[in-house]
Amino acid sequence: MRVGVLGAGTMGQGIAQVAAQAGHDVVVRDIESEFVEDGLDGIESTLAEGVEREKVTPDEKAATLDRLSGTTDLETAVSESDLVIEAVPEDMDLKQETFTSVEESADEETIIASNTSALSVTEIASALERPERAIGLHFFNPVHLMSLVEVVVPERTSDETVETAEAFVDGIGKSPITVRDSPGFASSRLGVTLGVEAIRMVETGVASPRDVDRAMTLGYNHPMGPIELTDVVGLDVRLDILEHLREELGERFKPPQLLRQKVRAGNLGRKTGEGFYVWEDGEIVGVSDGAMSSPEGDR
């Protein structure tokens with residue numbers, strides 16, 4: 001299968017990597033050559049780290065990179081692709097414009113997928129003349145480590161499209177869950193519900209970020225606590241999802257003021273070096289001064 005990935009950011013890199021590792025020919029497209037080059041370099045760096053940790057062999061790394069190419073030309077990325085996955089920013093107008101542009105250049109049988117984490121895939125697909133070939137493929141960050149992919153089914157999607165999407169996810173070594181298109185799907189809705197309550201607890205001084213996270217990692221065996229996960233996902237991303245769910249589902253998804261303040265300050269989590277935690281080289285090195293402490297202090 002030939003796969004076109006639109007967007008060379010964090011998610012686009014991850015999607016392109018796992019697809020190429022699974023044996024697919026992948027073209028990564030972004031609007032500037034610098035973005036494309038950075039994306040391909042990021043994939044090579046992740047693969048090199050995998051080799052160092054003996055999770056990827058040198059031959060697997062070389063074969064994966066051979067299956068990858070980059071371009072700034074949309075038609076080059078999609079005209080011969082069997083599947084196109086957009087990983088552009090979470091903006092409805094931009095995603096609809098992307099879908100429309102793909103449909104103009106792609107083959108009639110090409111499946112067009114969105115990696116949106118919360119926006120309505122039905123609404124995104126409404127921009128298409130043939131919405132039956134649209135699907136949501138919601139990957140999780142970091143893509144190469146996370147096993148789940150949420151297959152989101154819009155209202156007018158065909159059974160054949162769903163079956164092909166599920167088979168693709170299986171084929172790249174991921175585990176699909178199939179959900180009906182609804183606000184927040186299953187994963188984002190559940191994930192932000194836990195995350196927003198955790199932030200409220202920090203905001204009101206119930207417990208420190210570390211202790212809230214320990215409650216879930218040690219008490220519920222979660223691999224990562226909800227505050228740390230918010231930093232990893234990006235505070236701005238979490239805020240956008242909450243705003244969308246608040247509009248769709250009501251005030252229980254109202255974003256905490258502490259989250260808004262951090263986003264306004266540009267403290268977006270791991271990607272900026274500070275969110276609820278302070279980060280260096282992808283690792284937590286401290287707790288942000290802007291995070292409330294527990295009554296007994298952060299331990």
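Helix axes here are lines fitted to C-alpha atoms over the stretch in contact, with angles running from 0 to 180 degrees between N-to-C directions. The model is predicted.

**Helix 2 and helix 3**

- Helix 2 spans residues 33–52 and helix 3 spans residues 58–66; their axes come within 9 Å and cross at roughly 165°.
- Angles over 145 degrees count as roughly antiparallel, so helix 2 is roughly antiparallel to helix 3.
- The crossing of helix 2 past helix 3 is right-handed.
- On the helix 2 side the contact is made by Glu44, Leu47, Ala48 and Val51, and on the helix 3 side by Pro58, Lys61, Thr64 and Leu65.
- Sorted by class, the residues of this contact are five nonpolar, one polar and two charged.
- The loop between helix 2 and helix 3 holds Glu54.
- Glu54 is a residue other than glycine with a positive phi, near 60°.

**Helix 9 and helix 10**

- The axes of helix 9 (residues 209–219) and helix 10 (residues 226–233) cross at roughly 105° and come within 7 Å.
- Because angles of 65 to 115 degrees count as roughly perpendicular, helix 9 is roughly perpendicular to helix 10.
- Helix 9 contributes Pro209, Val212, Asp213 and Met216 to the contact, where they meet Pro226, Ile227 and Glu228 of helix 10.
- Five nonpolar and two charged residues make up the contact of helix 9 with helix 10, with no polar residues.

**Second largest pocket**

- The second largest pocket holds about 170 Å³ of space.
- Its lining consists of Glu108, Glu109, Ile111, Arg130, Glu132, Arg133, Ser158, Glu160, Thr161 and Thr164.
- Six of the lining residues are charged, three are polar and one is nonpolar.
- Helix 7 (residues 159–171) gives the most to this lining, with three residues.

**Cis peptide bond**

- Asn141 and Pro142 are joined by a cis peptide bond, with omega about 0°.
- Pro142 lies in the loop that runs between strand 6 (134–139) and strand 7 (148–153).

Definitions and conventions. Residues numbered from 1 in each chain as written. Predicted model: local features only at pLDDT ≥ 70, side-chain atom pairs only at ≥ 80, totals over all residues. Heavy atoms only, no water. 1 Å grid on protein atoms, 1.4 Å probe; cavity = no way out; pocket = protein on both sides within 12 Å on 5 of 7 lines; lining within 4 Å. Points joined across faces, edges and corners; volume = space filled by probe spheres on them. Helix = DSSP H or I, 4+ residues; strand = E, 2+ residues; numbered from the N terminus. Nonpolar A, V, L, I, M, F, W, Y, C, P; charged D, E, K, R; others polar. Parallel < 35°, antiparallel > 145°, perpendicular 65-115°, else oblique. Left-handed = near helix turned anticlockwise from the far one by under 90°. Contact = heavy atoms within 4.5 Å.
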